[in-house]
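Good morning, and thank you for the time.

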Amino acid sequence: MFTNVEHIGIAVKDLSVADALFSTLLNSTPYKHEEVATEGVRTSFFKINETKIELLEATRDDSPIARFLEKKGEGIHHLAFEVDDIRAEMARLKAEGFVLLNEEPKPGADQKLVCFLHPKNTHGVLIELCQSIRE
Ligand SMILES: CC[C@@H](C(=O)O)C(=O)SCCNC(=O)CCNC(=O)[C@H](O)C(C)(C)COP(=O)(O)OP(=O)(O)OC[C@H]1O[C@@H](n2cnc3c(N)ncnc32)[C@H](O)[C@@H]1OP(=O)(O)O
Ligand SMILES: [Co+2]
């Protein structure tokens, strides 16, 4: 079951510059910074009630964020939904014809297991499913 919009991912060229802008915009500070080496990204997270903004900077030239910045420039990169059972949702969506970008849930930021759906089959929006692995 989908439970809520977990975060909105925004691709940025320079995380410290974007941190400063979003700190002023939201009158808040990031509650965490985290590097996810497997995705080639450094992130910072802001929280507005239960919704998070994830800023993403590339750490290597072949990361999805570097490729996105090269093709489209800075901006909204993905929309992430929290689900209560990621494997069940992956199986359901695959059976419905969505294209999963990873066949097994993989570790994301902020103690989540994540799976991405190809944007070509979702009206151009990259969708992330995530399930908390916190107790
Ligand atoms: C921090 C961890 C985690 C979390 O816990 O929150 C994250 O959020 S990690 C975020 C970064 N990781 C990912 O994005 C993983 C999933 N993405 C991918 O597997 C790839 O980026 C992709 C979506 C399959 C595209 O890869 P690829 O085919 O190699 O790149 P191209 O640049 O050639 O793009 C092909 C095609 O798709 C369009 N595209 C690419 N990214 C997006 C996007 N984010 N939103 C919408 N469309 C996107 C791209 O423009 C190309 O279109 P055409 O040019 O029309 O063919
Ligand atoms: Co994300």
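A pocket, as I use the word here, is an open set of grid points with protein on both sides within 12 Å along at least five of seven lines. Please keep in mind throughout that this is a predicted model.

With that term in place, the largest pocket has a volume of about 880 Å³. It is lined by 34 residues, and those closest to its centre are Pro-64, Phe-68, His-77, Pro-119 and Leu-126. Several elements give two or more residues to this lining, among them strand E1 (2-11), helix H2 (64-72), strand E5 (75-83) and strand E8 (126-132). Which element supplies the largest share of the lining? That is H2, with six residues. By class, the lining of the largest pocket consists of 15 nonpolar, eight polar and 11 charged residues.

A word on annotation. An unreviewed UniProt entry lists residues 4-132 as "domain: VOC".

I now turn to charged side chains. In general, side chains of opposite charge can pair when their charged atoms come close. The structure holds 13 salt bridges, and I shall discuss three of them.

Let us begin with Lys-32. Its side chain meets that of Glu-34 in a salt bridge, at 3.1 Å from N to O. Lys-32 also forms a salt bridge with Asp-110, where the closest N and O atoms are 3.0 Å apart. What does this second pair tie together? Lys-32 lies in strand E2 (residues 32-36), whereas Asp-110 lies in the loop between strand E6 (106-107) and E7, so the pair ties together parts that are 78 residues apart in sequence.

Are these residues buried or exposed? Asp-110 counts as buried because its relative accessibility is 4%, and the limit for buried is under 20%. Lys-32, at 22%, counts as partly exposed, and Glu-34, also at 22%, counts as partly exposed.

Finally, consider the network. Salt bridges that share partners join Glu-6, Lys-32, Glu-34, Lys-52, Glu-82, Asp-110 and Lys-112 into one network.

Conventions. Residues numbered from 1 in each chain as written. Chains lettered and ligands numbered in written order. Predicted model: local features only at pLDDT ≥ 70, side-chain atom pairs only at ≥ 80, totals over all residues. Heavy atoms only, no water. 1 Å grid on protein atoms, 1.4 Å probe; cavity = no way out; pocket = protein on both sides within 12 Å on 5 of 7 lines; lining within 4 Å. Points joined across faces, edges and corners; volume = space filled by probe spheres on them. Helix = DSSP H or I, 4+ residues; strand = E, 2+ residues; numbered from the N terminus. Nonpolar A, V, L, I, M, F, W, Y, C, P; charged D, E, K, R; others polar. UniProt positions renumbered as here; feature names shortened; annotations may be inferred. Salt bridge = Lys/Arg side-chain N within 4 Å of Asp/Glu carboxyl O. Buried < 20%, exposed > 50% of the residue type's maximum accessible area, 1.4 Å probe, protein only.
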